[in-house]
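Please look at the sequence and the model first.

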Amino acid sequence: MRKALIAGATGAIGSVCCRLLAKAFKEVCMVGRNPAKLLALKESILQEDPDVDVRISVNPEKFLKDMDLIVTATSGAGKAILD
């Protein structure tokens, strides 16, 4: 199963990445700071692509080891995005 994680998923670039990757991957894990925005994005993606497994989280660490692709679409200038 191909899996992708997008950090900064609810931003302008991140949300487009999520939508595109949902068409190419079996599982997409969307990470962001706002759970309500993540849930709304998840519901929108599932309307377009109901067969994709979409997960949401405010903490990417528990998903990292299982991912085939990791996209960081965040402006965390000077901050550690992922460990």
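Predicted model: local features only at pLDDT ≥ 70, side-chain atom pairs only at ≥ 80, totals over all residues.

The contact between α1 and α2 comprises 4 nonpolar, 2 polar and 3 charged residues. Helix α1 spans residues 12–24, and its axis comes within 10 Å of the axis of α2, at a crossing angle of roughly 35°. Two packed helices are described by the angle between their axes and the distance between the axes.

On the α1 side, the residues involved are S15, C18, R19, A22 and K23; on the α2 side they are L41, S44, I45 and E48.

## Residue I45

I45 belongs to helix α2, which covers residues 35–48. Is I45 buried or exposed? I45 has a relative accessible area of 1% and is therefore buried, the cut-off for buried being under 20%.

Apart from neighbours within four places in sequence, I45 contacts C18, R19, A22, M30, V52 and V54. The C-alpha atoms of I45 and A22 are 7.5 Å apart, although 23 residues separate I45 and A22 along the chain.

## Overall fold

The protein has 2 helices and 4 strands, arranged from the N terminus as β-α-β-α-β-β. Of contacts between residues at least 6 apart in sequence, 60% link residues at least 24 apart.

Of the 83 residues, 36% are buried.

Definitions and conventions. Residues numbered from 1 in each chain as written. Heavy atoms only, no water. Buried < 20%, exposed > 50% of the residue type's maximum accessible area, 1.4 Å probe, protein only. Contact = heavy atoms within 4.5 Å. Axes fitted to C-alpha atoms, helices over the stretch in contact; angles between N-to-C directions. Nonpolar A, V, L, I, M, F, W, Y, C, P; charged D, E, K, R; others polar.
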